[in-house]
Amino acid sequence: MIKNKKITAFLVLMIFLCSFVSYKAGKNSAGIVPQSNSSGKKDENSTDYGSFKPFVDAIKDKYYFDIDYDKMNTEIKKAIFSSLGDPYTQYMTEKDMKELQKTSTGKFVGIGVQVSVNDKGEIVVVAPIKGGPSQKAGIQAEDIIIKVDDQELAKNDLESAVKLMRGEEKAGTEVKVTIKRVVDSEEKILDFTLKREEITTESVSSKLLDNGILYIQITNFAEKTGEDFEKAVDEGLKKGAKSLIIDLRNNPGGLVTAVKQVADKILPDATIMKVVDSKGHETLEKASGSGLDMPIIVLINKGSASASEVLSVALHDNKKAQLLGEKSFGKGIIQSIFPINNEGKAEGIKITIAEYFGPNGTKINKVGLEPDYKVEQKNYSKIGIEHLDIDPQLQKAIELLK
C-alpha cells in the first residue's frame, strides 16, 4: 500500500511539474491530456505526460530490488529537460539552487573555470577565472575537458561535469582534470592536477595608462560589476582619462542586469539589445545614461561569451566602440531561473527563454562577433595590463588610441 501511494504521489508530482514547465517556457506548450483536432487526430503539439505510467507500474510490479523513489523522481525531472537538447536548460535540485546563489555573489570553492557544451556535446572551457587554479595551471579557453579524476564525462551533461570538478567544495582538496587541446591542428591530451580554492571574483579592475588611456578589465558580470565599473570610470575621468579600453577577454558572461548598468554609463539614450522570446515577441532593452564622449576599444576573444557579447554588440552597433582581438564565443541566448517550492523542497529550473540580438539585429548565437581589428593571441592565460609586454591585442589597442 505504501509503495502504491508513493507511485501515485510521484506521478501527480511529475504531471504538475510538466504543466508548470509548459506554462513558463511558452514554446511548444502542451496539455496533460492529448487533445484531438477537427480531423480526429492527436494534436502534434500535445503530449501525454502520463504515458510513462505503464513503465513505472511495471517496475513497481516486477522489479526485484528495492526502489529508490527519490532518485527516480530526480532522474525523471532531469530527463525531461535533457530531452530538449539544450545544455543551458536544466532541472535544479536544492543543492544546485544554493550553489547558483554562491556563484552569482562571486564566492565559491572550486577550480575556477567557466564551462559550456559545444555542438558535439563536449564540455568546453569558455574561460578560466582570473587568478584561479585553472588559469594558474595553464588551462585555456576552448580546451575540451574529457575526464575528471579519470572519470570520463558524458556528452551534454554539464551539470555532472561541474559537480565532479567542485567535489565536496573543500579548499585544498585535489582534483585531476584531463583536457584535449588542439595545437597547430594536432590534438594533445594533457593532465592537470589542481587544488580547489575559495574563488572570490572581483569583476572590475582598472588602471590609467599613458596618453590618458583608461584600461578597465571586466572578468565577469556579477551583482557589483555595474557599480564598480562606474566608480572606475569616474576616477579615471578625474585623473584626465581621454579614451577607454574595455577588456572583456575570457569573460564568460553573467548577469544581464549588470550589463545594462555598464551600458548606462557609456551609452546615451540608445538600444542595448533586441530580445525575442519563445512566442516571437520582440522587446528592446534601452540604455538610460548620459553617455561617455571618448574613443572606446573593446577587447574580445573566444572566451568572451553571453553577457560580454551583449555589451560588445551594443557598443559596436551603436558605433560607440570598435572591437579588437578574435571572434567571440557565440552564446546569444538568455536563461531565467524559476524557483519551485515542491513539498517543502526549494528546487528550481534554469530554462532558455529568449534569444538576443544586437541593436541592428546582429545575430550572436552560434555565430559570435567578428572584431574590427583581428589580432591573434597565443597565450590565453597571460593577458591584461600585468602582461602588457606579451599581450599583442592590448598593445594594438593602445597603439590605436594614442
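Thr93 counts as buried, at 16% relative accessibility. Buried means under 20% relative accessible area, exposed means over 50%, and partly exposed lies in between (1.4 Å probe, protein chains only). This is a predicted model, where local features need pLDDT of at least 70, side-chain atom pairs count only at pLDDT 80 or more, and totals for chains, interfaces and linings use all residues. Residues are numbered from 1 along each chain as its sequence is written, and side-chain values use heavy atoms, with hydrogens and water left out.

**Confidence**
- The protein chain has an average pLDDT of 84, and 85% of the residues score at least 70. pLDDT is the predictor's confidence in each residue, from 0 to 100.
- Over residues 1-44, pLDDT stays under 50. The model has 64 contacts beyond four places in sequence for residues 1-44. Contact means heavy atoms within 4.5 Å.

**Around Thr93**
- Thr93 sits in the loop between strand 1 (90-92) and helix 4 (94-105). Helices (H or I, at least four residues) and strands (E, at least two) are DSSP runs, numbered from the N terminus.
- Thr74, Ala346 and Glu347 are in contact with Thr93, leaving aside its neighbours within four places in sequence.

- Strand 10 (residues 204-208) and strand 11 (residues 213-218) run antiparallel, joined by 5 bridges. Two strands pair if DSSP finds at least two bridges between them.
- Val204 has Ile218 in strand 11 as its bridge partner.
- The hairpin of strand 10 and strand 11 has 4 residues between the strands. In its turn, Asn211 has a positive phi of about 65°.
- Strand 17 (residues 333-342) and strand 18 (residues 345-357) also run antiparallel, with 10 bridges joining them.
- Opposite Asn342 stands Lys345 in strand 18.
- Strand 17 and strand 18 form a hairpin with 2 residues between them. Glu343 in that turn has a positive phi of about 50°.

**Positive phi in loops**
- Glu169 has a phi near 60°, a positive value in a residue other than glycine. Glu169 lies in the loop between helix 6 (158-166) and strand 7 (174-183). Glu169 counts as buried, at 16% relative accessibility.
- Ser185 has a positive phi too, near 70°. The loop between strand 7 and strand 8 (186-195) holds Ser185. Ser185 counts as exposed, at 76% relative accessibility.

**An exposed tyrosine**
- Tyr64 is in the loop between helix 2 (53-62) and helix 3 (69-82).
- Tyr64 is exposed, with a relative accessible area of 72%.
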